[in-house]
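Here is a short briefing for a first look at this chain. Keep the sequence and the model side by side as you read.

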Amino acid sequence: MQYLISVIDDGTGPNTAKEDAAIDEFNDRLRAEGHWVFAGGLASPHTATVIDSRGGEALVTDGPFLESKEYLAGFWIIEAPDLDVTLKLAAEGSKACHRKIEVRPFQ
């Protein structure tokens, strides 16, 4: 089963060199153990663009969809046999990046 592990930043700023090294080590472990599917870090919310075409014509707005102290800073998509394994990996990811983590299964 595949899971999305979202990294939630609360405005603490960019990763430190120590956090980057810990994230790289965690990523290497995910690859070695066959959990890795994809991962990425995201630019800050002020770089976002929202597009809404529900009314027929696209309405384009600069800035984030939602103003919040917390925002999605990055993510991992992993393959794991069950939620228990995923939660253990997510706890390790949280420690590596020093951020809160949200876990969701793909449907």
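What is the order of the four strands in the open sheet? The order is 2-5-1-6, and the pairing is antiparallel. Strand 2 (36–41) and strand 6 (100–105) stand at the edges, with a single partner strand each, so one side of each has no neighbour in the sheet. From one strand to the next, the twist averages 20 degrees. Bear in mind that this is a predicted model.

**The chain as a whole**

- The chain holds two helices and six strands.
- Along the sequence, these elements follow the pattern β-α-β-β-β-β-α-β.
- The C-alpha trace spans about 45 × 35 × 20 Å along its principal axes.
- The chain has 107 residues, and 25% of them are buried.
- Take the contacts with a separation of 6 or more: residues 24 or more positions apart account for 76% of them.
- The chain exposes about 7,300 Å², and carbon and sulfur atoms supply 56% of that area.
- There are 10 positive and 18 negative charges in the chain. Their mean positions are 5 Å apart.

- Strands of a sheet pair through backbone hydrogen bonds, in a parallel or an antiparallel sense.
- Strand 2 pairs with strand 5 (residues 71–79) in the antiparallel sense. Five bridges join this pair.
- One partner in strand 5 is Ile77, which forms a bridge with Phe38.
- In a regular strand, side chains alternate between the two faces of the sheet.

**Helix 1 and Asn27**

- Helix 1 lies across strand 2 and strand 5. The angle between helix 1 and strand 5 is about 25 degrees.
- Asn27 is found in helix 1, which covers residues 17–32.
- Is Asn27 buried or exposed? Its relative accessibility is 11%, so Asn27 counts as buried, the cut-off being under 20%.
- Beyond its neighbours within four places in sequence, Asn27 is in contact with Trp36 and Trp76.

- Thr86 is found in helix 2. Thr86 is buried, with a relative accessible area of 0%.
- Which residues does Thr86 touch, not counting those up to four places away in sequence? They are Tyr3, Ile5, Ile78, Ala80 and Val103.

- His98 lies in the loop between helix 2 and strand 6.
- His98 has a relative accessibility of 60%, so it counts as exposed; the cut-off is over 50%.
- The phi of His98 is near 60 degrees. That is a positive value in a residue other than glycine.

- Strand 3 (residues 49–52) and strand 4 (residues 59–62) run antiparallel, joined by four bridges.
- Thr49 stands opposite Asp62 in strand 4.
- Six residues lie between the strands of this hairpin. Gly56 takes a positive phi there, near 105 degrees.

**The loop between strand 2 and strand 3**

- Leu42 is found in this loop. Leu42 is partly exposed, with a relative accessible area of 42%.
- Which residues does Leu42 touch, leaving out those up to four places away in sequence? The contacts are Leu72, Ala73, Gly74 and Phe75.
- Leu42 and Ala73 are 31 residues apart along the chain, yet their C-alpha atoms are separated by 5.2 Å.
- Thr47 lies in the loop between strand 2 and strand 3 as well. At 46% relative accessibility, Thr47 counts as partly exposed.
- The C-alpha atoms of Thr47 and Asp62 are separated by 7.7 Å. Along the chain, Thr47 and Asp62 are 15 residues apart.

Key. Residues numbered from 1 in each chain as written. Predicted model: local features only at pLDDT ≥ 70, side-chain atom pairs only at ≥ 80, totals over all residues. Heavy atoms only, no water. Buried < 20%, exposed > 50% of the residue type's maximum accessible area, 1.4 Å probe, protein only. Contact = heavy atoms within 4.5 Å. Areas by Shrake-Rupley, 256 points an atom, 1.4 Å probe, with all protein chains shown as cover. Lys, Arg positive; Asp, Glu negative; His and termini not counted. Charge placed at Lys NZ, Arg CZ, Asp CG, Glu CD. Pairing = 2+ DSSP bridges. Axes fitted to C-alpha atoms, helices over the stretch in contact; angles between N-to-C directions.
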